[in-house]
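Look at the sequence and the structure below. The paragraphs after them start from a single residue and go on to helices, strands and the chain as a whole.

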Amino acid sequence: MLVKLTSVAHVGLSSVPVDVEVDVAAQGFPGFTVVGLAGKAVEEARERVKTAITNSGMEFPGKKITVNLAPADLPKDGGAYDLPIAIGILVASGQLLVNDTVTNAVFYGELGLSGDVRPTKGVLLVGLFAKKHKIKEIFVPQGSAAEASVIDGITVYPVKNLRDLMGHVMGSAPIARLKRKKKEKTEDDVVEFDLSEIAGQEQAKRAMTIAAAGGHNLLMSGPPGAGKTMLARALPGILPPLTPAEALEVTRIYSVAGLLSSGTSLMHARPFRNPHHGISAAGIIGGGSNPSPGEVSLAHLGVLFLDEMAEFPRSVLESLRQPMEDGVVSIVRVGAHVSYPASFTLLAAVNPCPCGYLGHPKRPCSCSEKQVRKYRSRLSGPILDRIDLHVIVPSVETEKLSGQAGSVSSKTMRETVIRTRKIQEKRFAADGFYTNSQMKNKHVKKYCALDGETHRILKLAVETYDLSARGYFRLIKVARTIADLAGAPAIAVTHMAEALQYRSAMGNS
């Protein structure tokens, strides 16, 4: 008997239908074959499915079993096809009857040897796929079902084990559908450092506020112990929560990467990724035989923090150039071409020289001029040109350390950032993006008109500092964010002057 069920394969963040065709033949030598460009994990489904069926109290047919995963030219990998294969075998062998539940639903999940259905990555994308293709019911692992519960228009059945699913198909013990999750009330996350705990560094705090408000890239340079890492750790405390649209974007990436905790529906806090400087180019960009998202995509709509940026391999830093400019990363492999969003805010910290004390008021630098040049050359011109804000973080005087810390708290600063982000959301509502940093050149011309005096200062800055065309537009974007922070409808001279202050620091450090 031949049975056909529907499952899903993920290609990047896109989902395509996979027909799971199961045939149990009365004639021929007993065997279990899986075809359809199946990867190693899918081939191993033969042992998982056979043992799970037996341990669930059903009979595994001792006949010739052929499973075809169509289309045959699409690579299949992972354990998500275990569940449809198992149900297909039980129906094809006559142990379950064919009904609408079997033919008009999506089955997706990995089986354990006991028959339990294990949490499986990519369930949110299964829900989105079902809604797009007007499929009303999906059967997914209980531990991952919350991901799909945020999608309206579909019925999500959380499957605990194979025995429960058999009872549902037979109608003897229906599985309770998962209620659709309403918008959750978000609470302030506990942050590692509050801005009010950090003594001094007012200019750096201001630069961080601008970066958080407009999504601009920020580079902090200063000696060891000046507080660069502490400032970076305080940044999540002033970032606004994800909007519903942003939350869905980010959660899709974490779902397909398998990084969502069990029971999580949507992410609300912006990602803050902090990879070690030993990371490979594939780790930062993404890759693998079945391409998975890298750190730049996991930081989408959040922050990618590179501590001691100059210690990262040159190949890793140069690989950031394309996603920093385009907000998307494309991974090409033989037989696979996938794209992941990568619109992140780069936050980086560097020392001024290898020993870290160049320009320090009290400690002498032990580096030669050649060593300093070699160290600084690790950050190429194209990378620095893509960083909007550069701020010097000097060592803090002892009097400030022993005195009172800063007066502005992260909570107060976060309220300012949220208010500024709302201005941008309203401005770009029809354009499909969220922050000033995401503007293309055409948007800059549309939303960032300059008066005569402001344009004169900008022109003078371009000539004085020999700014590139990219630097010219990025300078205007930063000025637009500074104006938004001040609640000003137009960019004024003071806003442009402050933006130029952070841009010109790149050539002076």
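Apart from neighbours within four places in sequence, Ala 41 is in contact with Arg 48, Asp 77 and Gly 78. The model is a predicted one. Ala 41 belongs to helix H1, which covers residues 40-43. How far apart in sequence and in space are Ala 41 and Asp 77? They are separated by 36 residues in sequence, while their C-alpha atoms are 6.0 Å apart in space. Ala 41 counts as partly exposed, because its relative accessible area is 23% and the buried class takes in values under 20%.

Thr 243 sits in the loop between helix H9 (228-234) and helix H10 (244-257). If residues up to four places away in sequence are not counted, Thr 243 touches Glu 425 and Tyr 434.

A whole helix can be examined in the same way. How many residues of helix H3 (residues 82-92) are buried? The number is 11 of the 11, so helix H3 is largely enclosed by the rest of the structure. Among the buried residues of H3 are Asp 82, Leu 83, Pro 84 and Ile 85. Ile 87, Ile 89, Leu 90 and Val 91 in H3 are buried as well. Just after H3 comes Gly 94, with a positive phi of about 85 degrees.

Next come the strands. Strands of a sheet pair through backbone hydrogen bonds, and the pairing is either parallel or antiparallel. Both kinds involve strand S4 (residues 64-70). Strand S2 (residues 14-25) runs antiparallel to S4, and 7 bridges join the two. One place to look is Val 24, whose bridge partner in S4 is Ile 65. Strand S3 (residues 31-35) pairs with S4 in the parallel sense, over 5 bridges. Here Val 35 stands opposite Asn 68 in S4.

In which order do its strands lie? The order is S11-S14-S17-S10-S18, and the pairing is parallel. Strand S11 (272-273) and strand S18 (389-392) are the edge strands, and each of them pairs on one side only. Inside this order, strand S10 (residues 218-221) and strand S17 (residues 345-350) are joined in the parallel sense by 4 bridges. Met 220 stands opposite Ala 349 in S17.

The view can now widen to the chain. Its secondary structure comes to 22 helices and 18 strands. The chain is divided into domain 1 (2-170), domain 2 (195-416) and domain 3 (439-509). Taken over C-alpha atoms, the centres of domain 1 and domain 3 are separated by 55 Å. Along the principal axes, the C-alpha atoms of the chain fill a box of roughly 85 × 45 × 45 Å.

Some totals complete the picture. Of the 509 residues of the chain, 52% count as buried. The chain exposes about 23100 Å², and carbon and sulfur atoms supply 52% of that area. Among contacts between residues at least 6 apart in sequence, 72% join residues at least 24 apart. The chain has 60 positive and 48 negative charges, and the mean positions of the two groups are 2 Å apart.

Note on methods. Residues are numbered from 1 along each chain as its sequence is written. This is a predicted model: local features need pLDDT of at least 70, side-chain atom pairs count only at pLDDT 80 or more; totals for chains, interfaces and linings use all residues. Side-chain values use heavy atoms; hydrogens and water are left out. Two strands pair if DSSP finds at least two bridges between them. Domain bounds come from an automatic or database domain assignment. Buried means under 20% relative accessible area, exposed over 50%, partly exposed in between (1.4 Å probe, protein chains only). Contact means heavy atoms within 4.5 Å. Accessible areas come from the Shrake-Rupley method with a 1.4 Å probe; for residues, only the protein chains shown count as cover. Lys and Arg count as positive and Asp and Glu as negative; His and the chain ends are not counted. The place of a charge is taken as NZ of Lys, CZ of Arg, CG of Asp or CD of Glu.
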